[in-house]
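Could you walk me through this protein, starting with its charged pairs and then moving on to its core, its strands and the confidence of the model?

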Amino acid sequence: MADNELIDTVQASHNNNTKDKINKNDSVTLKKILSGLNKQQKLAVTFDYHNALQVIAGPGTGKTKVLTSRVAYLLLKERINPEDIIITTFTNKASMEMIDRLSIMLRDTNISTSNLLIGTFHSVCIKILHRFGSKIDLSPTWRIADQNEIDNILSNIVDRMPDQIRDYANSMTRKVNLCMPKRGRGESDEWTVSPKLVKKQISKLKSSAILPEEYINDSMHDTALAYFYENFQSELAKINALDFDDILMYTFRLLTKERCLPNIQHVLVDEFQDTNEIQMDLVFLFAKGNHHLSRGISVVGDPDQSIYAFRNALAYNFQTMVQKSPIECSRIVLVENYRSSQKILDTSEMLISQQTRGRQNRLPLRAQFDYDFPPVYINFPASFLEASSIIKELLYLKALPDLFSFNDFAILVRKRIQIKPLERALIEHRVPYKILRGHAFWDSKEIIAMLNLLKCIFSPNEKNAIIASLLYPSRGLGQTSADKIKFIFEQETNSNFNSTSSMQILRDIVANKIQIDIPTKARNVIIDFLQMINTCTSLFNVEPINVALSDIFEKLYELSGLRYEYLCLDGKKKKSIDMSKLEENFDNVRHKNVTILKTYFLGPTNGPSTSSTDTNTMTNIGSISSASVLEHIRNFFNSLTLYTSDLPEISSSDEQQENMNWQKVEERKKTQEGVTISTIHGAKGLEWPVVFIPGCNEGTIPSIFNDEAKDGSSDDEGDDDDDRNEIDTDSKTSKKRRNLSMEELIDEERRMFFVAQTRAKYLLYLSSFITERQFENEPSRFLTSDLVKTMVDEQKVLEKVENVMRLYHAMKREPLVASNKKFSLKTLIKDYSNFIENRRERMIWGGEVVHDISNLNLIENVSVQPQPSLVFTTAATQLRVQQQGTKTNQHPPPPSISHHPFNQRNNSQKTGPSKNYAPNGSLESDLLVSPTKVLAPLQTMSPSNSPSNVTKSFAPSYVPKRNKSRSTSPIRKPFPSPERKKILSPTKSLKEEDKELALKSTSKKSSSRNSEKSKRTLSSSKYWANGNKIKQENDDDDDRMIFKKAPVNNPFQNTKVKFESNGRISKSNDSNGIIRLKREDDDKTADYDSSNNSNTTAAELLHNPDDMIIDNRPILTNAKTLADAIRKPRNRAENIKKEKKSEEQVDSENKGKKMIGLKKGVTASQMDIFSQLSRAKKKTKGNTGEIIIID
């Protein structure tokens, strides 16, 4: 007896020592965890776990860290068992990240995270329903219906609704609006029932846990909605499926009826601001455990980031929780931001402070670092400039050595329609990119086909999957036969509910027990289909189960004809293929996708494992166990539906790997470099060093006046346009409620803008544009004057080398510029400065305009090889080159090609054996390119080797004020600021003190038109004119333009040029050095001197007085085309002959059009220019072009 007592004492002592050792390790781990928290975070983590706690965590304040640290605190300090804790997250990705963090935190302890019940609300509820669903009469073989099935079911119900329901839905007595304007090419006032609105209204009922029979018994129910709801649930029951809303609704009804979770002691909720009403009720039910009251609740979130109202999320659910909570509820606010710079936080705080409702007791966020790099805001003069300019800005930042990768950049859009121009610009600039939330793999034809076949062997009632499998691949059963079979399915199931399966109906059709008029070929297809199903179901009992699953998948692929379709035919018609030379192509993309699907289906890595906690409550899709084949298929479909939004995207490069699994795809996804394009909803919870937010215009941000029927541009993740339709069309809705709802929509759009801005860590860009489109012609209402004051119009990082070094220091990177002799930061900064001065239209690299962006080398900018000039030039320059070429008989450089987004074609002209082209342009001449207005030259001079000894001078350039001012916000222009403005010219520049111009012109009232006197005032600019100062004077006594200049050797002495009625200038010099230019419209005898034909400007040449329509669009054309238009024949007779010939050609081209008399003196070539211009205007008008291109 004494020996036994001694043994017990020794064992007890050993256990106590082990326990003390474990407690010591736990204490060290806990101390380490708490030491890494700030004051507010530590208060939240150590708060009394018996009560309710709200943690208001703004963006970048360490929300996930607080949540995981509190779980560790409950396990280590409060000694709560892991299986007694429930943790809900917003996404499955977030739950897996939390498990990884907890595993690292607790690696030195004996606590296992595998017993934690963690996941999204839907995944947690699925586990509960799998265990306890029988208590509310759920079938043990239920599965989750995917969105395609749900949409098909609702569409079929709407199509076959009785006339009484249709009439009621369109009547004024309806209580819920289910109708939208009928879509089509022609405008129509007809409204039809929308399956999308029906789906949304049913979802709202389920979010309140209301069953169809309960809604029908409600005296305030809507008759049409009750009909759709009842039939929808009936169709789901026929295929033994639940939708996403059913999962939450049935779990709620289960927990209100049965106490299934008596052991739960604490519930933690992430992203609480995005929960809806039923999810909040589930939180209290989870926390109730075996107690009469809920106990131990911790919720973490930020009301300022509530952006899921379209999912019935409650924007003000933090206040609602306080009202509903049966226990004491406290609140802790986190203000220390660890993500963004203070300048970015100041801008975002200025934005969110515009919202006054629901933001009580909020403090501004404090950053851990700051520097003088405010966000950049640009308001572009046209929409087509935005995307390409953004990518150019991105490339300048990417060029900083060893600082950024393409993965560090993100472009966030409000609507998916914005992605297309961005993609085009990224491709043109050879920038790799990736789009988040892409489901192309799961929406592909081959994947849907294989999933339908798997559904057919899983359940005999999958009538939609059966019909789809009979139709594809095409084997002889057409749509007409399919419609007849579908009608039989509906008829039989309605008359004999739940007794005859769809598969049995097919067997009865083959056995002629059910008469149906279909061709013999179609009947043979049904026979082959049934044999395939029988073959696959006979493999259910094959051991081991992984062999059975593999054989089933291969049989379905082979016997259905899909394998032959993809390997041999590949979409080609059999008639066009030589069957004797047919070979299998294993590189076929669709075949590889099917191979990838098989990998997902089989395991052990056929999907993102829900977690190791699933082993106790739910069979893990990621592991092959002794479960039956049907159980495995059901779990596969459930997990596939749950995790589709978290599945990796399959790109063409991924498809090249046949034996790919989830880990490989995730690893490849992390290593692939590319700019991220995402909707704002898809970017929630993510962060990037540099973020661009384009399209900050009314109608986009906020997206409240979006015409969905017109552009179909709503965001897939955030489409709340239907809510607006409900607000506007519900006859029972009061005006007060409508106004309140609109205010809530504006608040949500503002919060969405806030979320987008706070994704940026170091640099942030906002941009808008001017457009003629209704509701989108102004920058966003959120861009108030106070908000714009927190931003600048150009990137300060690239202003000087010191700023670049500060950015390197902030990002904790070591600059390696000194080691690269071919790269200079000073050159980069100078290039960026020129880029800004050039209105962000052209990429400047190494002091040269980049025309072939594909050859741009971002790691070298010092010794850049000169590129061929592909720039705009002038007709005068073209004439001068032709004159020089005629005199010297030398071939000039390659042709000048207009390199513009709307004119990327070779405009070189073939004029004969000797080709004369415009000269190559230097950087300064390149930068002259602009779609702005350019004045005609005031005086002309010919080169010294010219016969006339007159040199051509160019018109002054100016920056137009395209951006009209707004009372609410100053406009940030893409043009340089005055202190940085640098006037560029295609000729050699002189000293600034030798260049000055002031020009003012007026024109008298025309005798042939009753128009008022028009005045035009131009801003001052530099005028390039042989080193002479030109000063403006206005002679009010005469309709002339007078210019004074210093008394120098005047090359224009004794030169007289008159301005004829066709628009040419008369010029004379006097002994005082005054050049007088005047119009001599009354001089009918004035003749044009062919030796001075280079005096004609493009504006004069293209001016047609008979054109009664004013068109202010810029005109783009080839310089040589204009030069040819003003070149005249050598003798008068030849001139008259060619003029007549040209007029005859114009008459034939414009047959049926009345041509009012042409102005006197118009040459044949000029008439040709008029016809070309007319055609170009018509063409661009038809294509809604913003510029006119004379090809």
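Let's begin with K238, which counts as buried because its relative accessibility is 12%, under the 20% cut-off. Why do E235 and K238 sit about one helical turn apart? Both belong to helix α10 (residues 223-238), and they are separated by about one turn because they are three residues apart in that helix. Keep in mind as you look at this pair that you are viewing a predicted model.

A second salt bridge brings together R840 and E393, at 2.6 Å from N to O. This pair links distant parts of the chain, 447 residues apart: R840 is in the loop between α34 (825-837) and β19 (844-845), while E393 is in helix α15 (residues 384-398). Are these two residues buried or exposed? R840 is buried, with a relative accessible area of 0%, and E393 is buried too, at 1% relative accessibility.

For another setting, turn to E799 and K796, whose side chains meet in a salt bridge of 3.4 Å, N to O. Here E799 is partly exposed, at 37% relative accessibility, and K796 is also partly exposed, at 22%. In general, side chains of opposite charge can pair when their charged atoms come close. Elsewhere, salt bridges join K63, D270, E271, D274 and K684 into a network. The structure holds 39 salt bridges.

Now for the nonpolar side of the picture. The largest nonpolar core has 72 residues, and V193, F228, L282 and F286 are those with the most contacts inside it.

Next, find strand β16 (residues 675-679). The strand is mostly covered, with five of its five residues buried. V675, I677 and T679 point one way from β16, and T676 and S678 point the other way; all are buried. In a regular strand the side chains alternate between the two faces of the sheet.

Which strands pair with β16? Strand β14 (residues 409-413) pairs with β16 in the parallel sense over four bridges, and A410 stands opposite T676. Strand β15 (residues 433-435) also runs parallel to β16, joined by three bridges. There, K434 has T676 as its bridge partner.

Finally, a word on confidence. The protein averages a pLDDT of 74, and 64% of the residues score at least 70. Over residues 645-663 the pLDDT is below 50, although this stretch has 56 contacts in the model beyond near neighbours in sequence. Residues 706-740 also stay under 50, and for them the model has 78 contacts beyond four places in sequence. Where pLDDT is low, the predicted coordinates should not be read in detail.

Notes
Residues numbered from 1 in each chain as written. Predicted model: local features only at pLDDT ≥ 70, side-chain atom pairs only at ≥ 80, totals over all residues. Heavy atoms only, no water. Salt bridge = Lys/Arg side-chain N within 4 Å of Asp/Glu carboxyl O. Helix = DSSP H or I, 4+ residues; strand = E, 2+ residues; numbered from the N terminus. Buried < 20%, exposed > 50% of the residue type's maximum accessible area, 1.4 Å probe, protein only. Core = buried A, V, L, I, M, F, W, Y, C linked by side-chain atoms within 4.5 Å. Pairing = 2+ DSSP bridges. pLDDT = per-residue confidence, 0-100. Contact = heavy atoms within 4.5 Å.
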